[in-house]
Amino acid sequence: MGAIFQSLGKTITAGVVLLIVLLIILVAMGAKVALGEHAWWLFAMRWLHVTAGVMWIGLLWYFNFVQTPSMPKIPDAEKPAISKVIAPAALFWFRWAAMATIVLGIILALMNGYFGQAVILQKPFTSIGLGMWLGTIMWANVWFVIWPNQKKALGIVTVEAAQKAAAAKRAGMASRINTMLSIPMLYFMVAQSHGGLAF
């Protein structure tokens with residue numbers, strides 16, 4: 001059993017197997033999983049969208065709540081472990097989770113038939129539209145501000161010390177902006193179908 005948890009790939013596979021086993025048990029008890037129906041595919045797309053979003057925002061909050069505030073407390077001799085190993089790996093998952101979240105969100109909105117109405121903030125899709133716009137701004141920050149500047153700050157792209165410091169500051173500011181935007185974004189995403197905004 002312990003071998004499952006020694007590998008991330010095995011752990012994820014075990015999670016998928018556990019999901020399938022639980023679904024089989026529930027179906028045996030009379031539940032219905034309508035794989036061929038449009039509603040199930042909408043659910044599946046929403047589940048994937050939310051899963052990618054959890055990874056994206058989870059890593060955003062990790063950077064802002066844990067890594068950045070902890071860096072001044074780490075001895076200089078140990079900081080390269082963060083900047084050369086942990087941060088690049090976290091940023092890989094961070095930016096691709098952002099990409100997956102926005103792509104899956106667009107597909108979901110198209111499948112639901114409200115993409116155009118949400119984009120122009122038309123009733124009754126104003127809430128999800130606001131969430132989509134905030135998420136799009138955050139995605140653009142990840143790909144066009146945070147990642148290019150983090151490459152300089154982490155030494156992935158070689159620049160002079162002054163440019164490196166300025167890049168770190170820009171990336172940090174964009175990350176804080178995304179942390180701020182994540183709060184209303186999450187509210188409006190959930191509010192659309194769960195009664196958080198009557199408009």
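**Loop, helices and packing**

Guide: Leu 121 lies in the loop between α4 and α5, where helices (H or I, at least four residues) and strands (E, at least two) are DSSP runs numbered from the N terminus. This is a predicted model, in which local features need pLDDT of at least 70, side-chain atom pairs count only at pLDDT 80 or more, and totals for chains, interfaces and linings use all residues. Residues are numbered from 1 along each chain as its sequence is written, and side-chain values use heavy atoms, with hydrogens and water left out.

Visitor: What is the phi of Leu 121?

Guide: Leu 121 is a residue other than glycine, and yet its phi is positive. The value is near 60 degrees.

Visitor: How many helices and strands does the protein chain have?

Guide: Along the sequence the pattern reads α-α-α-α-α-α. The secondary structure therefore comes to zero strands and six helices.

Visitor: Is α5 roughly parallel or roughly antiparallel to α6?

Guide: Helix α5 (residues 126–153) packs with helix α6 (residues 161–194) at an angle of about 160 degrees, their axes 8 Å apart; axes are lines fitted to C-alpha atoms, for helices over the stretch in contact, and angles run from 0 to 180 degrees between N-to-C directions. Angles under 35 degrees count as roughly parallel, over 145 as roughly antiparallel, 65 to 115 as roughly perpendicular and the rest as oblique. The pair α5 and α6 is therefore roughly antiparallel.

Visitor: How is α2 placed relative to α5?

Guide: The axes of helix α2 (residues 38–70) and α5 come within 13 Å and cross at roughly 60 degrees. That angle makes the arrangement of α2 relative to α5 oblique.

Visitor: What span does α1 reach from its first C-alpha to its last?

Guide: Helix α1 (residues 8–28) has 21 residues, and the expected span of a helix is 1.5 Å times one less than its number of residues. Close to the 30 Å expected, the span of α1 is 30 Å.
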